[in-house]
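Q: Can you walk me through this one? I'd like to start with the ligands and then move on to the rest.

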Amino acid sequence: MKGRFNASSLPDYNSEYLHHHFSTSPSTSADKLDSRNFTLSGDSKDDYNEKNTLSRLQSLKVNFNQKKKEPFIIGVAGGSASGKTTVCSEIEQSLSNKRVCVISQDSFYRSLEEEEKVLAQNQSYDFDHPGRFYHAFDYDVFESTLRKLKEGDDVEIPVYCFKTHSRLTTTEKIAGADVIIVEGILIFFTKHIRDLMDMKIFVDTDSDVRLARRIRRDIQERGRDLDGVLTQYEKFVKNSFDDYIMPTKKYADMIIPRGGANKVAIDLLVEHIKSKLISINRNANY
Ligand SMILES: Nc1ncnc2c1ncn2[C@@H]1O[C@H](COP(=O)(O)OP(=O)(O)O)[C@@H](O)[C@H]1O
Ligand SMILES: O=c1ccn([C@@H]2O[C@H](COP(=O)(O)O)[C@@H](O)[C@H]2O)c(=O)[nH]1
């Protein structure tokens with residue numbers, strides 16, 4: 001039988017498999033190839049010689065060794081202004097490695113239509129609801145981006161502006177990370193997104209503290225006024241936390257009380273991540 005013999009036509013065998021099954025005995029190699037109905041491209045079954053086969057298998061083995069590594073994905077969830085971003089940058093700095101990157105679910109807020117912007121300016125737009133009725137988040141792009149990252153592909157992350165409720169024309173490229181940290185209020189809400197994460201962390205900060213931090217931050221950085229922040233909080237933010245965010249705490253592998261201020265928890269977490277990375281053989285730079 002004629003056919004093209006290439007890596008993509010093989011099941012996902014690793015290089016140890018190839019080494020074990022194909023490099024020890026040329027006759028075994030031919031048997032294995034034959035038994036799976038493969039012959040080498042351009043060769044008839046009768047005339048392919050063992051030397052040629054072994055050299056092709058050798059190059060195949062090199063290709064398998066160069067297969068992209070899946071990054072280790074850590075999810076960090078918690079209420080708004082709980083300290084998710086702060087915890088992520090502490091982890092990033094402690095791993096002191098260029099191949100760690102942080103992405104935020106906030107980047108995947110949709111650009112609002114003009115009439116939706118009017119609602120947002122009057123604190124009548126719900127940015128905190130997980131459902132598709134409000135579809136504040138672009139879940140499809142968020143999920144497909146995480147899937148691409150999981151496969152080791154490069155991605156372009158949108159840049160969202162909280163002042164205008166729209167995406168900028170620029171994007172941020174993420175390429176070749178060993179560790180991806182994903183943070184956001186609702187990242188544990190959907191099972192198939194949750195399942196992409198290798199480790200899940202919930203930042204658990206008192207609601208008064210969160211509200212105080214949100215007021216300060218939204219006025220200083222997100223172009224809001226006090227009355228607007230409080231109205232939005234009372235209408236949407238608090239309800240979403242109680243109904244949709246807090247219930248996802250049960251999915252966390254680790255809970256960090258008080259957020260970025262909790263140095264003991266962050267140190268323990270970083271040690272755990274390092275040992276995980278070593279155990280899955282990503283220890284090159286740790
Ligand atoms: N331990 C802390 N002490 C004081 N302010 C903090 C602390 N942690 C975070 N903040 C501030 O609170 C705001 C929200 O923190 P951030 O980490 O961005 O939260 P999140 O990502 O959960 O919204 C930011 O302005 C940040 O500077
Ligand atoms: O245009 C927008 C988009 C989102 N928000 C609020 O942001 C928080 C989530 O961001 P954190 O950094 O986790 O606080 C969410 O509670 C939305 O209400 C907004 O106000 N305007």
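Q: Which residues surround ligand 1?
A: This is a predicted model. In it, ligand 1 is surrounded by G79, A81, S82, G83, K84, T85, T86, R213, R217 and A261.

Q: How does that shell divide by class, into nonpolar, polar and charged?
A: The shell around ligand 1 has two nonpolar, five polar and three charged residues.

Q: What polar contacts does ligand 1 have?
A: Among them is one to T86, where a polar side-chain atom lies 2.5 Å from an oxygen atom of ligand 1. R213 has a polar side-chain atom 3.4 Å from a nitrogen atom of ligand 1.

Q: And how much of ligand 1 does the protein cover?
A: On its own, ligand 1 has 550 Å² of accessible area, and the protein covers 68% of that.

Q: Which elements give two or more residues to its shell?
A: Those are α4 and α8. The largest share comes from α4, with three residues.

Q: Where is ligand 1, in terms of pockets?
A: The space taken by ligand 1 is the largest pocket.

Q: OK, ligand 2. Where does that one sit?
A: Ligand 2 sits in the largest pocket.

Q: How many residues surround ligand 2, and which are the closest?
A: There are 17 residues around ligand 2, and the closest are S80, D128, Y160, H165 and R214.

Q: Which helices are involved?
A: α8, residues 207–221, and α9, residues 226–245, each supply at least two residues of the shell around ligand 2.

Q: What distances do you get from D128, R214 and D106 to ligand 2?
A: For D128, a polar side-chain atom lies 2.4 Å from an oxygen atom of ligand 2. For D106, an N or O atom in the side chain is 2.9 Å from an oxygen atom of the ligand. For R214, a polar side-chain atom is 2.7 Å from an oxygen atom of ligand 2.

Q: Switching topic. How many salt bridges does the structure hold?
A: It holds 14 salt bridges.

Q: Give me one. What does D178 pair with?
A: D178 forms a salt bridge with R99, and their closest N and O atoms are 2.8 Å apart.

Technical notes. Residues are numbered from 1 along each chain as its sequence is written. Chains are lettered from A and ligands numbered from 1 in the order in which they are written. This is a predicted model: local features need pLDDT of at least 70, side-chain atom pairs count only at pLDDT 80 or more; totals for chains, interfaces and linings use all residues. Side-chain values use heavy atoms; hydrogens and water are left out. A residue is near a molecule or strand if one of its heavy atoms lies within 4 Å of it. A polar contact is a pair of N or O atoms within 3.5 Å; within protein, one must be able to donate a hydrogen and the other to accept it, and residues adjacent in sequence count only if both atoms are side-chain atoms. On a 1 Å grid over the protein atoms alone, a cavity is a set of points where a 1.4 Å probe fits but cannot get out, and a pocket is an open set with protein on both sides within 12 Å along at least five of seven lines; lining residues have an atom within 4 Å of a point. A molecule sits in a cavity or pocket if more than half of its atoms lie within 2 Å of its grid points. Helices (H or I, at least four residues) and strands (E, at least two) are DSSP runs, numbered from the N terminus. A salt bridge is a side-chain nitrogen of Lys or Arg within 4 Å of a carboxyl oxygen of Asp or Glu. Accessible areas come from the Shrake-Rupley method with a 1.4 Å probe; for residues, only the protein chains shown count as cover. Ala, Val, Leu, Ile, Met, Phe, Trp, Tyr, Cys and Pro count as nonpolar, Asp, Glu, Lys and Arg as charged, and the others, Gly among them, as polar.
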